[in-house]
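Dear colleague,

I am passing a structure on to you, and below it I have set out what was found. Please read the notes with the structure open beside them.

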Amino acid sequence: MGKPANSRRRRKFPWVIVLLITAFVAVLGYSYHTPTNHIAWVGDLAKAKAKAAASGKPILMEFSASWCPACRAVKRNVWPLKRVADVVNSQVIPLTVDVDTQKQLVGKYHVNAIPAFIVTDARGRVLARAEGYLDADGVIALIRSAVRPDAIAVPQSIPPPPTHPAAAP
């Protein structure tokens, strides 16, 4: 005689739970993964302003937070791209601003949504801005619109890509 069907189901049940937990942890881990990038980020606004004044380049401020899915998507899908890093490093002084710890800058620049991208001159005058997820082309267009204001229109923000392949429509 074979084993009862209940006994076989009970043995498979723990494996199903383990498999589901493993899949959940993998998806969660991927959503927080941020690949390295080759952008020369500056640590604080004072240093960024000094570099901007010395180089004549504007400052690109990226306002973001660790808990923001669209911000993580920018870190994962935009900053690691070589073509983005080349434009950022050659045309602006990049500064990342954590909205949770640098609330004074959030207020000063009237940031209402994140991620937000604001390009300023060395004195802090806003040259270009966008709020919401921007893809690589959007970030490059924003920078170029600040460097050459007559060349390109400022991009509109677009919805972020899905956080993992299973979320795609």
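What percentage of the contacts in the protein chain with a separation of 6 or more comes from residues 24 or more positions apart? Counting heavy atoms within 4.5 Å as a contact, such residues account for 66% of them.

Please bear in mind that this is a predicted model, in which local features need pLDDT of at least 70 and side-chain atom pairs count only at pLDDT 80 or more, while totals for chains, interfaces and linings use all residues. Residues are numbered from 1 along each chain as its sequence is written, and side-chain values use heavy atoms, with hydrogens and water left out.

The mean pLDDT (the predictor's confidence in each residue, from 0 to 100) is 82 for the protein chain, and 67% of its residues reach 70 or more. Among the elements, which are DSSP runs numbered from the N terminus (helices H or I, at least four residues; strands E, at least two), helix 1 has the lowest mean, 59, and strand 3 the highest, 98. The protein chain has 6 helices and 4 strands in total.

The whole structure holds 6 salt bridges, each a side-chain nitrogen of Lys or Arg within 4 Å of a carboxyl oxygen of Asp or Glu. One of them joins D86 and K82 at 2.8 Å, N to O, and both residues lie in helix 4, 4 residues apart. D121, R123 and R125 are linked in a network, in which D121 is 3.5 Å from R123 and 3.0 Å from R125, N to O.

With best wishes
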